[in-house]
Amino acid sequence: MTVPFYKLQLAGNGFILIDLQAVVRGSEGGLSPDGYPALARLLCDKRYGIGANGCIFLSPDNTIRIFGARGRPSSSADDAILCAARFAFDSGRILNRKIVFRTPRGERLVEVLGAHEFRVDCGSPFALLGGKVVTPKSERLVETIEHEGASLSCSALHIREDVVTAFPRSMGTLDYASFSALVRKAFPGKDVIPVIAQAVTRETVLVRAWPRQESAVCAAASAALVTAVCSGQADSQAVVMFESQGSGSDPDAEIARDRDNSRRLAVSWDTEDNEVYVIGSGGYLFDGNFDAPEPADLA
């Protein structure tokens, strides 16, 4: 069976999108949802497949199923939703500046603000330790610790994913690998996203993170903003740029590379409703065809 696909990314988090309308039907009558997990594993395999962090199956009526690289279904998957929104917009599947995706857990609304601007609601932030709802007035959200003679503002939050964010005075004072090891040691057995962030201005935050989960980019950006607000380093709205290799922690260099707005996110924290919103867009990497087993062999 030949499966046409698109590969998209959001701040380096890659997803394969299958437009089910375009799937070449085989002798078994097309691709069954029972085969989605197995096909997702095949497509996401970095050695023998295409390579990605997740797979999106999108029907013509905007019914959407999202699976991680191991074939596990994902319920929220904000990063994948923003990538799917870009494709849905380009293929004309919008209504009154809204995209409604139908998921197994109900409808998911995406607001269309522009051709490359889609807004999703990421929910309320929670403290990773204790599980209490976080507000700008929350006490002890941000801890100050010392690392090699430098002061770090750190927080542990849950916003879709578990995130630990550190704000050193400069990005060069903390090695990401060392910080990741500290996070793993502090939270054994948990899949926590380590984030190093720097408030360049009160409206711009530069982030160093290597996201892999299906909501990791949105979670990292949201946690960075919440931490920056609670530590007095940023306002309730900011542009979050994701650092890439070779940029030298230079926001201007990141902006120059971001030709389709897929490497940056605008994050806002509605402090009255206590909801965090992310505005962003998936970016296309390439498209092609994948020779997959017949549907009967995927179940």
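Just after α2, Gly92 takes a positive phi of about 80°. This is a predicted model: local features need pLDDT of at least 70, side-chain atom pairs count only at pLDDT 80 or more, and totals for chains, interfaces and linings use all residues. Residues are numbered from 1 along each chain as its sequence is written, and side-chain values use heavy atoms, with hydrogens and water left out.

**Helix α2**

Helices (H or I, at least four residues) and strands (E, at least two) are DSSP runs, numbered from the N terminus. Helix α2 covers residues 78–90, 13 residues in total. From first C-alpha to last, α2 reaches 19 Å, close to the 18 Å expected at 1.5 Å a residue. The expected span is 1.5 Å times one less than the number of residues.

Of the 13 residues of α2, 11 are buried, so the helix is largely enclosed by the rest of the structure. Buried means under 20% relative accessible area, exposed over 50%, and partly exposed in between (1.4 Å probe, protein chains only). Among the buried residues of α2 are Asp78, Asp79, Cys83, Arg86 and Phe87.

**Pockets**

On a 1 Å grid over the protein atoms alone, a pocket is an open set of points with protein on both sides within 12 Å along at least five of seven lines; a cavity is a set where a 1.4 Å probe fits but cannot get out. Lining residues have an atom within 4 Å of a point. Grid points are joined across faces, edges and corners, and a volume is the space filled by probe spheres set on the points.

| Pocket | Volume | Lining |
|---|---|---|
| Largest pocket | about 890 Å³ | 23 residues |
| Second largest pocket | about 530 Å³ | 22 residues |

Arg70, Asp191, Arg212, Gln213 and Glu214 lie nearest the centre of the largest pocket. Its lining divides into 10 nonpolar, four polar and nine charged residues. Ala, Val, Leu, Ile, Met, Phe, Trp, Tyr, Cys and Pro count as nonpolar, Asp, Glu, Lys and Arg as charged, and the others, Gly among them, as polar. α3 (176–186) gives the most to this lining, with four residues.

In the second largest pocket, Leu129, Leu141, Glu143, Ser155 and Ala156 lie nearest the centre. The lining holds 15 nonpolar, three polar and four charged residues. Again α3 supplies the largest share, four residues.

**Cysteines**

A disulfide is a pair of cysteine sulfur atoms within 2.5 Å. By this rule the count is zero. Cys55 is in no disulfide; the nearest cysteine sulfur, that of Cys44, is 5.3 Å away. Cys55 counts as buried, at 0% relative accessibility.
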